[in-house]
Amino acid sequence: MAVGILPVQSDPTLLADIRRYGKFDPTGCYQCGSCTLSCDLVGDSVTFPRRSLRFALLGLRQLLVENLDPWVCHDCGDCSLVCPRQSEPRISMLTLRRFLSAQYDWTGIASKLLQSKAWYLGSLLSVAFIVLFLIVGYHLWYVGMAAKDFATTPFGLDHMFPLMTYYTLTVILAPLLLLFSRVFRIWRLTMGGERQARVPLSLYVLEAWVYVYQSVTDSLMRKCPQKGRWLGHWMMASGVVMMLTIKVFALRWFQTDNLYPLYHPQRWLGYLATGLILYGLADIFAGRLRAQKEIYKESSFQDLIFPILLVLTVFSGIAAHTFRYDGFALTCHFMYALHIIIATPMLLVEMSFGKWSHMVYRPLALYFLAVKEKAAQQAPAAEVVPHAL
Ligand code: SF4
Ligand code: SF4
C-alpha cells in the first residue's frame, strides 16, 4: 500500500487541548507563505512552518503528533515579524513543542507541569523542601550532630562522601534515563505508525551521526541570521554539559577541602564551565531587558523560571567556592546546602519534564527527519505520495 493514504479523522477537541499548553492563535492564517519565505531553516520544504499549524487547525491529531517540524524551529521570530495576519507562528510553534513534549512523556507528569503554573511551582518547591529535609536529617541522624550546633559548627565538604556521590548520580542520571526512556515512544509516534514507510535498520545506523552532530554543534541554529544567539545558546549548553560531566565523573576531585593554586586545572575546568554558562545567561537576560528580539516578546512561565533557577544555582555555587577559598567554612557549608536545594529541583523537574528536554528531543527529531529523507530518496516512486496540506 502506498504510504500516506490512510484515512484521517478530524478531532474537534485538538485545538482546545493545544491551547492548554500556551498561546496558539493562528486562526487568521490564510496560508500566504510569508512565514515560509522568511524562515532560514525551511530547507527544501514549501510548507514549513505552516504545515504544523494547519494540522492543528484542521484537528488532525495523529498527523500533528507524527510531525517533527516544531523541533526544527529555533524560535527566532522572523516569521512572526512578517506575518500579515499577526498569527504569530513563532509562538504557535513554541506551544506545539510543549504539546508534543507532553505526548512524548509516558508518565503523564509533563502534561500536568506544562499546563499548570501551580503544578510546576508546586513540584519545584516540593522537591526543594524534600532536599532541605534530607540535608537536616543527614546532619541530625547520620552525622549525629546536635541541632543547637547547626549554626556554630563549621564542616568541610569531605564529610559528605560517599553519600554525596550517590545523591549526585541519582539527581543527574535519573532525569537523563527518564528522557532517553521516551526515545522508543517518540520513535513509535513519529516513525513507527501505519502511515509511515518501513525504514530499514541500516538507515538508522547510517544516519546516527546526525544525532551526535546536532547534539554537539546545534548547527541548524547557525542558519539563523542572529549569529550571536547561536553562540550564547551553544556556550550555555556546553557549560551545562561540562558541569554535569564534572559532577558525574569527578565530583570527589571538585568537592574537596583541598585548596588548589589558581593555575591548577581543577580550578580552571570549573571556571571554564561556569564562564560558559554565565555568558549564555548574560545573553538571555540582556535580550530580555532590551526586549528587542521577537523571541523575548512572549515567553511561557517555565521559560522565565528556568534561567532564574540557573542563575541562582550558578551564583550559590560561586559563593560557596569563594567562601571556601577565603576560609569561611561555616558560611561555605550553608551556601553549599542552599546550592543543593536550588540545583536539585532544577535538575529533577526541568531536565526531566521542562525546558531542558529539548536538548534530547531536538537532535532526535533532526535525526529521524534525516532518516525519513534518506528513506524517501530510496523508496520506489509509487510509494511517494505528495502531501495534500
Ligand atoms: S505568514 Fe502568517 S498568515 Fe501567512 S502563512 Fe504564515 S502564519 Fe499564515
Ligand atoms: S521562529 Fe524562526 S525558525 Fe521558527 S519557524 Fe519562525 S522563522 Fe522559522
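Aspartate 75 is partly exposed, because 18 other C-beta atoms lie within 10 Å. For this label, a residue is buried if 20 or more other C-beta atoms lie within 10 Å of its own, exposed if 12 or fewer, and partly exposed in between, with C-beta atoms placed from the backbone. Aspartate 75 sits in the loop between H5 and H6. Helices (H or I, at least four residues) and strands (E, at least two) are DSSP runs, numbered from the N terminus. The phi of aspartate 75 is near 65°, a positive value in a residue other than glycine.

Is glutamate 88 buried or exposed? Glutamate 88 is buried, since 25 other C-beta atoms lie within 10 Å. The loop between H6 and H7 holds glutamate 88, which has a positive phi of about 50° although it is not a glycine.

## How to read this model

This is a predicted model, where local features need pLDDT of at least 70, side-chain atom pairs count only at pLDDT 80 or more, and totals for chains, interfaces and linings use all residues. Residues are numbered from 1 along each chain as its sequence is written, while chains are lettered from A and ligands numbered from 1 in the order in which they are written.

## Two cis peptide bonds

Most residues other than glycine have a negative phi, and most peptide bonds are trans. Here, a cis peptide bond joins phenylalanine 48 and proline 49, with omega about 0°. Proline 49 lies in the loop between helix H2 (34–38) and helix H3 (50–57). The bond from phenylalanine 161 to proline 162 is cis too, with omega near 5°, and proline 162 is in the loop between helix H9 (117–142) and H10.

## Around the ligands

Which residues come nearest to ligand 1? Of the 14 residues around ligand 1, they are Cys29, Cys32, Ser34, Cys35 and Cys83. A residue is near a molecule or strand if its C-beta atom, placed from the backbone, lies within 6 Å of it. The shell around ligand 1 has 8 nonpolar, 4 polar and 2 charged residues. In this grouping, Ala, Val, Leu, Ile, Met, Phe, Trp, Tyr, Cys and Pro count as nonpolar, Asp, Glu, Lys and Arg as charged, and the others, Gly among them, as polar.

Ligand 2 has 14 residues around it, of which Cys39, Cys73, Cys76, Cys79 and Arg90 come nearest. Helix H6 (78–82) and helix H7 (89–104) are the elements that give two or more residues to this shell, and H7 gives the most, with 3 residues.

## Helix H10

Helix H10 covers residues 163–181, and at 1.5 Å a residue its 19 residues should span 27 Å; the end C-alpha atoms are 26 Å apart, which agrees. The expected span is 1.5 Å times one less than the number of residues in the helix. A kink of about 25° lies at leucine 173, shortly before proline 175. This bend is the angle between axes fitted to the seven residues ending there and the seven starting there.

The buried residues of H10 are Thr168, Val171, Ile172, Pro175 and Leu179. They pack against helix H14 (227–249), helix H15 (251–254), helix H18 (329–353) and helix H19 (358–378). Two residues are in contact if their C-beta atoms, placed from the backbone, lie within 7 Å.
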